[in-house]
2 protein chains.
Amino acid sequence: MPRNRNDQTKEAKRDEIVTAASSLFVSEGYDGASMGKIAAAAGLTPNTLYWYFGDKDELFVAVADRYLDLLLEQHTTVAEQPLAEQFVWLVDSLRPVRHLVATVHARVARSPRIAEWHSSFHRQMEALFEDQLTIELSAARRNAEAAVVTFAIEGAVTHDLDADATADLCHSLAQRLAGL
Amino acid sequence: MPRNRNDQTKEAKRDEIVTAASSLFVSEGYDGASMGKIAAAAGLTPNTLYWYFGDKDELFVAVADRYLDLLLEQHTTVAEQPLAEQFVWLVDSLRPVRHLVATVHARVARSPRIAEWHSSFHRQMEALFEDQLTIELSAARRNAEAAVVTFAIEGAVTHDLDADATADLCHSLAQRLAGL
DNA sequence: CCTCCTCTTGATTGACATACAAGAGATATT
DNA sequence: AATATCTCTTGTATGTCAATCAAGAGGAGG
């Protein structure tokens, strides 16, 4: 079982790269974060990145995955609050990574990897909230309501809404679900 | 008043370029539609594009503007129909240009030109529907409802929903507005 | 005939994602 | 101990792209 040259497992090194890539993707966006910059931030040459990741999209997905895991983990801390508060929390959590959200939507047509991540993301988001819907609805209706909520939240994240407008939107969404 | 070399006004030539760029942006997306391809499609060298447009984003905005004008013009033909039908119409109209929508959101942070177009787009979309809201609401509440509708429609455009799901979503949005 | 003005092109630059082949260092095998 | 093999790293290179610049070509007006 050959270990890494520097007493470091491959996974650990991958994680380091993901950390460096993460802050660059978030601050500079997908195009602004070149493989060269990411490599420099990780103390490597650009080529080395391709040992750990097949291409830029695979690295991006690794970054997105880490954020998604973090999000799902942190959601447990607010899972008991009313839906409106959970929505506000979700928007606030995602807004710092709005560049990632926009990138996913922009590249979903070009990159199969990102397309796959995208549908997985939506699946997990729906799972987060679907059992909190106490009212009985037809499956079609349920999907429509879930889509409205999901898309409205994505919109709130990627567009410029101030705190008040965000809260209004989230409460409107929750009230809507309650009033069915 | 010196005319164009080929008996063609500058505006006319710009329009030809926008036409060529338009179909390429729609079919290949922003990254896929290189200035070289666009120039070739218009029967020009890439450099010539830069005589008519300052940069790629300016050309993109010209394309987006044309679609927006078309959309606003065609909306008059459905303006008398119930809101739900207008929403369905809007989603169906925008879905073919979903790449443009995604591009706008992805580049809004990098290009001031596109950022400006983006806010103008949302302003005009809201104007389309705001006077159809017969119920009295506070300004804040009104904005929240408008945001939900706008974002839900954008989401329906950029995500894969079949015709039934689209109709369900649009009717749900309209029903909610009616039931306030 | 000369001189602007409008448009077009060729040559070039610098950044980028990515491929390839060769190296370096540690481990495993003989 | 010598060699082979695996893991990782780097140098070099390729092709593509947006954008720039300087130089032309053609018509209009003086």
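This is a predicted model: local features need pLDDT of at least 70, side-chain atom pairs count only at pLDDT 80 or more; totals for chains, interfaces and linings use all residues.

Residues are numbered from 1 along each chain as its sequence is written, chains are lettered from A in the order in which they are written, and side-chain values use heavy atoms, without hydrogens and water.

Some terms. On a 1 Å grid over the protein atoms alone, a cavity is a set of points where a 1.4 Å probe fits but cannot get out; a pocket is an open set with protein on both sides within 12 Å along at least five of seven lines; and lining residues have an atom within 4 Å of a point. A volume is the space filled by probe spheres set on the points. Helices are DSSP runs of H or I, at least four residues, numbered from the N terminus.

The second largest pocket holds about 480 Å³. Its lining has 24 residues, with A:H159, A:D160, A:L161, B:E126 and B:F151 nearest the centre. Two or more residues each come from α9 (163-178) of chain A and from α7 (112-130) and α8 (139-158) of chain B. The largest share, 7 residues, is from α8(B).

Now the cavity. There is 1 of 30 Å³ or more, and the space in the largest cavity is about 150 Å³. It is lined by 14 residues; closest to the centre are A:H105, A:E154, A:T158, B:H105 and B:T158. In both chain A and chain B, α6 (98-107) and α8 each supply at least two lining residues.
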